[in-house]
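Welcome! Let us take a friendly walk through this structure, looking at a few residues and the contacts they make.

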Amino acid sequence: MKVYLDNNATTMVDPEVKKEMDPYFTEIYGNPNSLHDFGTACHPALRKAMDRMYEAIGARDEDDIVVTSCATESNNWVLKGIYYDLIQNGDKDHIVTTEVEHPSVIATCRWLEEQGVRVTYLPVNSDGIVQAHTVRDFITDKTALVSIMWANNETGAIFPIEEIAEICKEKSVLFHTDGVQAVGKIPVDVTHAGVDFMSFSAHKFHGPKGVGGLYIKDGHPLTSLLHGGEHMGGRRSGTLNVPGIVGMGKAMELATYYLKFEEQNVRRLRDKLEDAILEIPDIYSVGPREQRTPNTVLVSVRGVEGEAMLWDLNRAGIAASTGSACASEDLEANPIMSAIGADSELAHTAVRLSLSRFTTEEEIDYTIEQFKKAVERLRSISSSYAYMPENMKTTEGAHNG
């Protein structure tokens, strides 16, 4: 059996999405900025796609949604745009983010530090969540931007975005959220949440790869990352990816439609998988379920390296992950596990299992069977587990919190 449980890295394109995209590859293929009929033939589909996106995330007519190549570009654009607008050419010098952001935010912040920007990396609590009062404590009159993810890519932990947005509003500080892991998994309403910017990426909610977006409240001015033309109202130059935009619009519409299914069916399968895994001794699950997206579980198997566990699962036809795919070649300890205070040995054993609406009961049953076999085999050859003091072992798995 082939089982795909790495949906936080990417998802399969929904067949309905692909069907809607197909005509824009070989039939309606004109450049939408051209004046002839081949170009203007794309316009109705583009308008429909944009309307779907606005509706899916609760954006208003006065807001902008700018199509980008991915959320990495969107994250870079916000952080660097704020640097140019409010720090290099203003009187601010400070950005607040967290220790557990996606690499596209962390790496950009490291680059900004090289330019002289002060960056505060907020810690998370034992559940892997940044608490709103912590954000308040670190905002100063020199803070230009707060950038905190809506849901974590590794643990699925949902952050208190509305509370953080309200604090930023009180302090007159702009607030950006990386919403990549939230869209399509939990309700997302940017107007109700009060965020100023939100990044998203189609391939995380059963849309195509290579297309994403940035929500901008009230069309807030932001120095462009790409120059060269008047595409997207002059905000982001580059010929529009028509099939990608059409696909992203359809995928967003479907993701919103299936939110109840995610909350009920996907969560039930995730909980079934997690319960079975936690029956194994010395396994640690990160974060309370009610504060996680319904599809995600991050577990650490004491005495078993995460990469070894992935090898056994892969041999059984099961795709999982040790964390963010954007950092998958990095064999250092899982940063989330380190951030929540897990010991060094445990931090190297994290395995992420992330479901989708296409995951079946049979696949979960098979995964449970193969996961238990893999743990038994790997622990039988693990010297670290064999010689572990008995007082460090438990008789059953454990939830964090």
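We begin with D64, which counts as partly exposed because its relative accessibility is 24%; here buried means under 20% relative accessible area, exposed over 50%, and partly exposed in between, using a 1.4 Å probe and protein chains only. What you see is a predicted model, in which local features need pLDDT of at least 70 and side-chain atom pairs count only at pLDDT 80 or more, while totals for chains, interfaces and linings use all residues. Residues are numbered from 1 along each chain as its sequence is written, and side-chain values use heavy atoms, with hydrogens and water left out.

Which residue does D64 meet? The side chains of D64 and R235 form a salt bridge, 2.7 Å from N to O. The two sit in distant parts of the chain, 171 residues apart: D64 belongs to strand β2 (residues 64–68), and R235 to the loop between β8 (212–216) and α10. Helices (H or I, at least four residues) and strands (E, at least two) are DSSP runs, numbered from the N terminus. R235 counts as buried, because its relative accessibility is 12%.

A salt bridge is a side-chain nitrogen of Lys or Arg within 4 Å of a carboxyl oxygen of Asp or Glu. Side chains of opposite charge can pair when their charged atoms come close. A search of the whole structure finds 27 salt bridges.

Another of these joins E253 to R52, with the closest N and O atoms 3.3 Å apart. This pair also links distant parts of the chain, since E253 is in helix α10 (residues 242–257) and R52 in helix α4 (residues 43–57), 201 residues apart. With a relative accessible area of 34%, E253 is partly exposed, whereas R52, at 10%, is buried.

Next, look at E361 and K272, whose side chains meet in a salt bridge of 2.6 Å, N to O. E361 lies in helix α15 (residues 361–380) and K272 in helix α11 (residues 259–277), so the pair ties together parts 89 residues apart in sequence. E361 is partly exposed at 25% relative accessibility, and K272 is partly exposed at 29%. Salt bridges that share partners also join R270, D271, E274, D275, R289 and R292 into one network.

Our last stop is N152, in the loop between β5 (143–147) and α8 (161–170). Is N152 buried or exposed? N152 counts as buried, because its relative accessibility is 1%. A polar atom of the N152 side chain lies 3.0 Å from the backbone nitrogen of T155.

Definitions and conventions:
Polar contact = N/O pair within 3.5 Å; in protein donor to acceptor, adjacent residues only side chain to side chain.
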